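I opened my notebook to get to know a new structure. Here is what I looked up, one entry at a time.

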Amino acid sequence: LRGDDRVALVSFSHEISTLASATPDRDRLRPRLRQGRGTGGTSLFDATHTGLVLSDRDDDRGLLLVFSDGLDTSSWLSPGRVLETAKRTQVVSYAVSAQGTRNRFLRDLVNLTGGSYLEIQSTSDLGTAFAGILEEFRHRYLLSYRPEGVTDGGWHQIEVRVRRPGVTVRARSGYMIIGN
């Protein structure tokens, strides 16, 4: 992490715990990383919603990293409700899961927000995955436009393409216009 990066930590099982609110203080974060304990059910949808809301507070584009096996056994919120929240934020989401895990929710989340889905073979690969995500995120371009003749409200699908060969494009799959 860089000196100006602010990080919040949210741990989840059947309960969601904010282990650290957004801070650039890495010394404060390190011991809190070890506090998370997985017991009981898994509230992946509720925790993802919490992460989206926490990440969307700053003026800068937020980054949400979800490390999970992708299973949810105890959330109150539905996957659809969380994806609707993702549409209303400027957060880019990445998901890291165990290799071979087929999780539609996490894949829909990253496709919707312009992130990517990574599969790892073991938890020893988490550090490399985390560093790769931060590197990719820091090398993004932010493009914006103001649509004309589009009705307020609702989700508007978009597709971003480039003519240059060998370039990977990751972009939100659409945008929301919220009425005045």
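My entries below cover the model itself, its salt bridges and a pair of helices.

**The model.** I noted that this is a predicted model, where local features need pLDDT of at least 70 and side-chain atom pairs count only at pLDDT 80 or more, while totals for chains, interfaces and linings use all residues. Residues are numbered from 1 along each chain as its sequence is written, and side-chain values use heavy atoms, with hydrogens and water left out.

**Salt bridges.** I searched the whole structure and found seven salt bridges (a side-chain nitrogen of Lys or Arg within 4 Å of a carboxyl oxygen of Asp or Glu). I looked at Asp5 and Arg138, whose closest N and O atoms are 2.2 Å apart. This pair joins distant parts of the chain, 133 residues apart: Asp5 sits in the segment before strand E1 (7–12), and Arg138 in helix H5 (residues 126–138). Helices (H or I, at least four residues) and strands (E, at least two) are DSSP runs, numbered from the N terminus.

Next I checked Lys87, which bridges to Glu84 at 3.0 Å between the closest N and O atoms. Both lie in helix H3 (residues 79–87), three residues apart, about one turn of the helix. I also saw that Glu84, Lys87 and Arg88 are linked in a network of salt bridges.

**Two helices.** How do H2 and H4 lie to each other? They are roughly parallel (angles under 35 degrees, taken from 0 to 180 degrees between N-to-C directions).

Technical notes
Parallel < 35°, antiparallel > 145°, perpendicular 65-115°, else oblique.
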